[in-house]
Amino acid sequence: MQLSQIKGIGLNTEKYLNELGINSAEDLVEYYPFKYEVLENTDPKTIKDGDKIVVGGICENRPNVFHFNRKLNKMSFRLNTGSLVTNVTIFNRAFLKSKIDIGTVLTVAGKYDQKHNMITASELKFGLLSKPEITPVYHATFQISSSKISKLITNALPVVTVKSFIPSYLSEKYKFMPKANALNIVHHPDNKQELDKALNVLKYEEIFKFMLKIEHLKSFKQKEGGIPRQIDTSKIEKFISSLPFKLTADQLKAVKEISEDLISPNRMNRLLQGDVGSGKTIVAIITLYLNYLSGYQGALMAPTEILASQHFQNITKLLPNLNVILLTGKLKSKEKREAKEAIKTGKANIIIGTHALISDDVTYQNLGLVITDEQHRFGVNQRSSLRNKGKSPDILYMSATPIPRTYALTLYGDMDISSIKTMPQGRKPVKTYLKSEKQITEVLYMMLDEIKKGHQIYIVAPLIEESDKIDLENVYKLEEKFTRAFGKICKIGLMHGKLSNAEKEKVMDDFKEGRTKILISTTVIEVGVDVPKATMIIIFDSYRFGLSALHQLRGRVGRNDLDSYCILISDKETKRLEVLTKTNDGFKISEEDFKLRGGGEIFGLRQSGDMNFKIIDVKNDYPLLLKAKEDAENFIKNKKYLESQNQEIVKDLINNQSLD
Ligand code: ADP
Ligand code: MG
């Protein structure tokens, strides 16, 4: 059902919803709250100084209002709760003054200051609470608030028909309520017990869907043969010894595991895990070369245009005799046609690109290998579309986000894993400092030192526009600031998502070639970008990122034997961020992310990707996850998908591929 068919959604609202990833009425009702606020009366006997309390009572005077300026005002009145007579102060509610008088019944929530007998309230409601009130809170934007989203969902719920992906025999086994009920409750919870039951149904569904896909991919692997190959390994040895550096033991081990996979008649389905800067790219290049030597085309897929073109340049340099081409969504249509032609006729040996590589209109002549870089940025759906390209290409996934082993085995259950655990020799750990906004002058001096040495600096701003309520340092403001400080001694580049492809490439090139010394950027630099002379990265509003995402960003520096620095600027969540000042071990950091935030946001910003679940939290919901995994295994093993009522479910889940 289209969004525009829902009451209250006009063109603008539709656009704002799209920005939140909501594209249909079905998406809207499955846009789950990220948390709930609970308003519950505090037991008067337990109230102590400094407590956050919720109390209801009768107003005993006309409120006093004081205006500090146009934006700030304060309202005060006296409240009698029966057991307590106290003053209440609340900011910016002057507009309610006319509705409050002697005798008005109110409930307030806020902090109790016993000495001054005062509550500084953050919330005010008319009437008393008859029972705890649970309010869902949705991720919102500047244009569309959480309460607006809530209203729209309320309008949508009665008119949208939702489809459940839980087979009925499992619903019965677990005594799950119907999905429509669960959705209603999740958006309008009445009490905690009911809410937990409803959440459980939706969580189970989400994880069952995911696990069914994984089991499906696994069964693929067992059934299909791969490409048996003959490879002249002397050429590979020669290539490896011609490299400007010696491969590390782990890199060599990964190469060995991969070449055994390639030579074997089974299909390769391998994950190459390794911390940022551990040198996965060269392993990928060797793999592409191995595949080429055995007579097949190879493709390398990257999540961003910048990264794709960086790989393209690297590979062209290292394998000058091969025909390497670049295919991204933003090529001009003539270039695209030519690229596709070269892929189809087999003229292209190696194809580098973004997910344009797997679009339906790209036909390969004889694709033998597909590699995805930064796999965690892609979804499990892409994993299955990849497999359908070519006859049965071998597949290598690369990821810099090491996830704790137990979770990896479950969530990447369909893959073999190679790990690069040690860094290339001579790497020094990135020195990481946590600074507050006030300490910016110190930071400027540190920057000056680096610039004087001829080094380069990344500056990261989280967003290009103020699309969030929180006032963010956006790239433009930062540009202004840093131009004032350094404009006379060096050039500053500006990179963000709204630039065209050509512009982005130019900005990146200028920085790579050292024409600009400072690069101010949104997180488009997050993945893979490699500029050896960059020795400092400064991240504003660091608290907005997950630790793993910050570690990835930090991995942009420290790529050689120079001393390098990461400066985290934040006034909030400093305790969490301190972890980064103490360790450079990506594995430990992701464990810490799990501990602190659960797996839900392990990759920092919410983005489409393997483990970007809507409501599952990998860590806290792990028992449910295991249960769903077992059910999905049985579903496949016992051919439950053959039962007519389940066929619909399966068809939708695995891109219309049949299971037999
Ligand atoms: P990542 O694993 O994060 O993708 P890269 O493959 O981009 O890391 O490698 C980071 C840098 O380390 C690159 O500049 C690369 O040339 C260099 N590098 C890779 N392997 C080695 C090695 N064995 N010795 C020295 N430098 C290496
Ligand atoms: Mg990389």
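**H9 and H10.** I started with how helix H9 (residues 280–293) sits against helix H10 (residues 305–318) in this predicted model. The two pack at an angle of about 55°, with their axes 11 Å apart. H9 and H10 are therefore oblique to each other. For my own reference, angles under 35 degrees count as roughly parallel, over 145 as roughly antiparallel, 65 to 115 as roughly perpendicular and the rest as oblique. The axes are lines fitted to C-alpha atoms, for helices over the stretch in contact, and the angles run from 0 to 180 degrees between N-to-C directions. Helices here are DSSP runs of H or I with at least four residues, strands are runs of E with at least two, and both are numbered from the N terminus.

H9 passes H10 in a right-handed crossing; that is the word when the near helix is turned clockwise from the far one by less than a right angle, and anticlockwise makes it left-handed. I listed who makes the contact (heavy atoms within 4.5 Å): Thr281, Ile282, Ile285 and Leu288 from H9, with His311, Asn314, Ile315 and Leu318 from H10. Sorted by class, that gives five nonpolar, three polar and no charged residues. The classes go like this: Ala, Val, Leu, Ile, Met, Phe, Trp, Tyr, Cys and Pro are nonpolar, Asp, Glu, Lys and Arg are charged, and the others, Gly among them, are polar.

**Ground rules.** Residues are numbered from 1 along each chain as its sequence is written, and chains are lettered from A and ligands numbered from 1 in the order in which they are written. As the model is a predicted one, local features need pLDDT of at least 70 and side-chain atom pairs count only at pLDDT 80 or more, while totals for chains, interfaces and linings use all residues; side-chain values use heavy atoms, with hydrogens and water left out.

**H8 and H9.** Next I looked at H9 from its contact with helix H8 (residues 249–263). Their angle is about 30° and their axes are 10 Å apart, so I put H8 and H9 down as roughly parallel to each other. H8 passes H9 in a right-handed crossing. From H8 I noted Gln251, Ala254, Val255, Ile258, Ser259 and Leu262; from H9, Ile282, Val283, Ile286, Thr287, Leu290 and Asn291. These residues divide into eight nonpolar, four polar and no charged.

**H14 and H15.** I then checked helix H14 (residues 440–452) against helix H15 (residues 475–486), which pack at about 60° with axes 12 Å apart. They are therefore oblique to each other, and H14 passes H15 in a right-handed crossing. Leu444, Met447, Leu448 and Ile451 of H14 meet Phe482, Ala485 and Phe486 of H15. By class I got seven nonpolar, no polar and no charged residues.

**Cores.** Which residues touch the most other members of the largest nonpolar core? They are Leu17, Leu28, Tyr204, Phe208 and Leu411, out of 56 residues. Six helices each supply at least two residues of this core: H2 (25–29), H3 (146–156), H5 (179–187), H6 (192–223), H13 (405–411) and H20 (622–637). H6 gives the largest share, 12 residues. Apart from this core lies another of 36 residues, including Ala254, Ile286, Leu396 and Ile420. A nonpolar core means a set of buried Ala, Val, Leu, Ile, Met, Phe, Trp, Tyr and Cys residues joined through side-chain atoms within 4.5 Å. Buried is under 20% relative accessible area, exposed is over 50%, and partly exposed is in between (1.4 Å probe, protein chains only).

**Whole chain.** I counted up 21 helices and 21 strands. Of the 660 residues, 53% count as buried. Among contacts between residues at least 6 apart in sequence, 73% join residues at least 24 apart.

**Ser76.** This one is in strand S4 (residues 73–80) and is partly exposed, at 23% relative accessible area. Leaving out residues up to four places away in sequence, Ser76 touches Pro63, Asn64, Val88 and Thr89. Ser76 and Ile90 are 14 residues apart in sequence and 6.5 Å apart in space, C-alpha to C-alpha.

**Positive phi.** Asp541 has a positive phi of about 50°, sits in the loop between strand S20 (534–539) and helix H17 (547–554), and counts as buried at 6% relative accessibility. Glu573 also has a positive phi of about 50°. Its loop runs between strand S21 (565–569) and helix H18 (574–582), and at 41% relative accessibility Glu573 counts as partly exposed.
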